[in-house]
Amino acid sequence: MTEERPNLELLRAMFDAAVAAALPENCLPPYLPAPAETGRIVLLAAGKGAGAMLEVAERHYREILGLDRDRLIGLGVTRHGYARPTGTIELIEAGHPVPDEAGVNATRRCLELVKAAGRDDHIVVLLSGGGSANWIAPVTGVTLDDKQALTKALLRSGATIDEINKVRKHLSRIKGGRLAALVGDARMTTLAISDVPHDDPAAIASGPTVPDGSTLADAREICARYDIELPESVRVALNDPANETLKPDDPAFERAEFKIVARPQASLEAAGEVARLAGYKPIFLGDSLEGEARDRANEHADLAKELAKEGRRAVLLSGGELTVTIAGDGSGGPNQEYALALALGLSETPMVSALAADTDGTDGGKGLASDPAGAYVFPSTIGRARSFGLDPASFLVRNDSSRFFHALSDLLVPGPTFTNVNDFRAIIVDNTDMS
């Protein structure tokens, strides 16, 4: 423990434990379906964990089960910078959160693999957060440019990821259950790492293999509520009944099953065990928190200050996916904005340290794998900033949390973790005398 950064090691240890609980090598193998006597296993993967999921699945089928080379095929798509060393199955890097041409081409090939599957084949879909951007197949009339413009507008609007995905589903030929509709007589099993509130299968990667309860009307209402200026092609598509998603009674789901292999709550519990072993009482605030990052930060600052007044020795743990309504021209993401607002809300409370970070290894930023995952908060944060001539409140107004924490050397930059169970937030209230 240092005077400026107390409990730094414990904060990082809890983050690492949360990530480890969701790594494909630790959670995926027990769920991989056994191959039949005949037919092929067709592995399709999308999302930030796609590379690691493919790596683990390919090793399982080839090295452990000894499946012949011609009985294991597939294709994966992951975010740029998130590739892993696979064997004979190709892994393509594509855009996130804004889709790109690489994603379009890879998705087309995935759809072709599904259409070509036969009765004896088993399609195994490996999904993780980020799959919505990686699997991009616009409906007729909508271009990639249109989808990119819409995605950027939605991301800046403050819309939740669930709302964004409801719009995406109705502009796609793969999301909202449409992938399952292409399976034909083959079997399909989807194995997913959940990165969404309440672990809703229809929200993970926009639910390409499960029924969707949202409607075209919902998508139009979301765009109107956030005052999104729609390209004409998108406006037409959202009014076309042919672009409605598949509902629960659709026969496409009769031969499809879905299982979640890693959940945010399990990751929080792993972090809580680290806290417990260190002598702190873990207090779980929920794994599905949503809302504006700065608003949640203010709520959590109040909770932490109350615990500090009571002389408690505890760790507040929470997950979910917070949002930022972008009004400034700064750099950062929801976790860093939360951390900055939390630091201001704590008013240098002497017994409180915190970490807010995205378990995938990047939080907002420029879309690079080297972007920060989040930021630390210490009792000294605001005082150190002001000693450097920085005004924390002005950085918050500009949505410039990344530059703020960079100046203090308090960013967490772990690089890609190859999984994603969404936000991780830990606030340590330590009654140990730090004087």
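Predicted model: local features only at pLDDT ≥ 70, side-chain atom pairs only at ≥ 80, totals over all residues.
F418 is buried, with a relative accessible area of 18%; buried here means under 20% relative accessible area, against over 50% for exposed and partly exposed in between, with a 1.4 Å probe and protein chains only. This residue also has a positive phi of about 70°, although it is not a glycine. F418 sits in the loop between β11 and β12.

Residues are numbered from 1 along each chain as its sequence is written, and side-chain values use heavy atoms, with hydrogens and water left out. Helices (H or I, at least four residues) and strands (E, at least two) are DSSP runs, numbered from the N terminus.

Let me stay with the backbone for a moment. Most residues other than glycine have a negative phi, and most peptide bonds are trans. A second residue with a positive phi is N399, near 55°. N399 lies in the loop between α14 (392–397) and α15 (401–408), and it is buried, with a relative accessible area of 7%. The peptide bond from H96 to P97 is cis, with omega near 0°. P97 belongs to the loop between β3 (90–94) and α4 (101–116).

I turn now to the sheets. Two strands are said to pair if DSSP finds at least two bridges between them.

Strand β1 runs parallel to β2 (residues 72–79), and six bridges join the two. Within that pairing, L43 has G74 of β2 as its bridge partner. The chain passes from β1 through helix α3 (residues 50–64) to β2 in a right-handed β-α-β crossover; right-handed means that, with the strands pointing away from the viewer, the path from the first strand over the helix to the second runs clockwise. Strand β1 also pairs with β4 (residues 122–127), again in the parallel sense over six bridges, and L44 is partnered there by V125.

Further along the sheet, six bridges join β5 (residues 187–193) to β6 in parallel. There, L191 has K259 of β6 as its bridge partner.

The other open sheet to mention has six strands in the order β7-β8-β12-β9-β10-β11, with mixed pairing. Strands β7 (281–289) and β11 (411–412) stand at its edges with a single partner strand each, so one side of each is left without a neighbour in the sheet. Strands β9 (residues 352–358) and β12 (residues 423–429) pair in the antiparallel sense over seven bridges. The bridge partner of D358 in β12 is D423.

Finally, I come to a pair of helices. Residues E163, K166 and V167 of α7 meet A219, I222, C223 and R225 of α8, where contact means heavy atoms within 4.5 Å.
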